Amino acid sequence: GLHGKSFIPLIMGFGCNVPAIIASRTIENRKSRLITMLVNPLMSCSARLPIYLLLVGAFFPNNASLVLLSIYVIGIVLAVVMARLFSKFLIKGDDTPFVMELPVYHWPTVRNLFRSMWERASSFIKKAGTVILLSSILIWAGSCFGFVDGAFAFRTDMELESSVLGILGGAVSWLFAPLGFGNVKATIATIMGLVAKEEVVGVFGVLDFEGMTQLAAYSFLIFNLLCAPCFAAMGAIKREMNSAKWTAFAIGYQCVFAYAISLMVFQIGSVF
């Protein structure tokens, strides 16, 4: 149900959802453009890869390649299914034929290659040195400040449950209990993943792992695959859609969809 020009933005989504969403502006058909932006975050961006590598390596060392492949396949299949459902039931409009002149392809020059590499590397360095670093500092501080013997104090060996971070995480951890990872650390990691997906790894690096089963770890991976993207991608969706209603729907449906699929994975998997 998509226009042929949707293919490139969707493929770009495996690198980063932000430029992929921006690239959807080349689609003249409004229906296809909206659907492309709605399903683009289901393409597993490179920022999610560190999450996969961390948990797959820790919980599935003997079947790491198959588990990792299954994550990408699930994202692609669900994107196709949701695009079809959106096209058929949600977004109305006429389809337009795909006609495009293909340019002459050339091998990239060394100069353009290194310039492209530098732009992407410098972009990540800026992101790592600002948002990710600041978030990691806040996570560390939140785990060290808390209440000890009824008084607010700073201690590097503070129990997580007594810290500010632990209190905040514990207040909403019940929400993720049906998904198998309703503990404080996984809850904090999930919430911080909305800031930047790399932050999930940062949280586990600062707070260390808490007990998880293989099934719970897989449910956690599915949730982070399908959940709303980072703040930067949300901003790109808002700019390109130019509609508060559609932006809210895009973010909301992804969170609900991720919760529902993870719930099915964990609850059905628990039976077997």
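The following conversation goes through several labels given to a predicted model and the values behind them.

Colleague: Why is the contact between Glu 28 and Lys 5 called a salt bridge?

Modeller: The closest N and O atoms of Glu 28 and Lys 5 are 2.8 Å apart, and since a salt bridge requires a side-chain nitrogen of Lys or Arg within 4 Å of a carboxyl oxygen of Asp or Glu, the pair meets the rule. Glu 28 lies in the loop between helix H2 (17-23) and helix H3 (30-39), while Lys 5 belongs to the segment before helix H1 (7-12), so the pair ties together parts that are 23 residues apart in sequence.

Colleague: What makes Glu 28 buried or exposed, and what makes Lys 5 buried or exposed?

Modeller: Glu 28 has a relative accessibility of 57% and therefore counts as exposed, because the word is used for values over 50%. Lys 5, at 19%, counts as buried, because that label is given to values under 20%.

Colleague: How many salt bridges does the rule give, and what makes Glu 240 and Arg 25 one of them?

Modeller: The count comes to 2 salt bridges. The side chains of Glu 240 and Arg 25 meet at 2.5 Å, N to O, which is within the 4 Å that the rule asks for. With a relative accessible area of 17%, Glu 240 is buried, whereas Arg 25, with 52%, is exposed.

Colleague: Why is the pair of Trp 140 and Phe 154 called edge-to-face?

Modeller: The ring centres of Trp 140 and Phe 154 are 5.8 Å apart and the angle between the planes is 65°; because a pair needs centres within 6.5 Å and counts as edge-to-face when the planes are over 60 degrees apart, both conditions hold. The pair links distant parts of the chain, with Trp 140 in helix H6 (residues 110-144) and Phe 154 in strand S2 (residues 151-154), 14 residues apart. Trp 140 has a relative accessible area of 41% and is partly exposed, and Phe 154, with 39%, is also partly exposed.

Colleague: What makes Phe 181 and Phe 220 an edge-to-face pair?

Modeller: The centres of the two rings, Phe 181 and Phe 220, are 5.1 Å apart and their planes stand at 90°, so the pair is edge-to-face. Phe 181 is in the loop between helix H7 (164-172) and helix H8 (184-192) and Phe 220 in helix H10 (residues 214-226), so the pair ties together parts that are 39 residues apart in sequence. Phe 181 has a relative accessible area of 0% and is buried, and Phe 220, at 0% relative accessibility, counts as buried as well. A search of the whole structure finds 16 aromatic pairs, and one aromatic cluster is formed by Phe 86, Trp 246, Phe 249, Tyr 253 and Phe 257.

Colleague: How do you know that the buried residues of helix H4 are on the same side?

Modeller: In helix H4 (residues 49-59) the buried residues are Ile 51, Tyr 52, Leu 55, Val 56 and Phe 59. These residues cover an arc of only 110° around the axis, which puts them on the same side of H4. An α-helix has 3.6 residues a turn, so residues three or four places apart point the same way.

Colleague: What is noted about the phi of Asn 242, and why is Asn 242 called exposed?

Modeller: Asn 242 has a positive phi of about 55° although it is not a glycine, and its place is in the loop between H11 and helix H12 (244-271). At 70% relative accessibility, Asn 242 counts as exposed, because the threshold for that label is over 50%.

Notes:
Residues numbered from 1 in each chain as written. Predicted model: local features only at pLDDT ≥ 70, side-chain atom pairs only at ≥ 80, totals over all residues. Heavy atoms only, no water. Phe/Tyr/Trp six-rings, centres within 6.5 Å; stacked < 30°, edge-to-face > 60°. Helix = DSSP H or I, 4+ residues; strand = E, 2+ residues; numbered from the N terminus. Buried < 20%, exposed > 50% of the residue type's maximum accessible area, 1.4 Å probe, protein only. Arc of directions from axis to C-beta.
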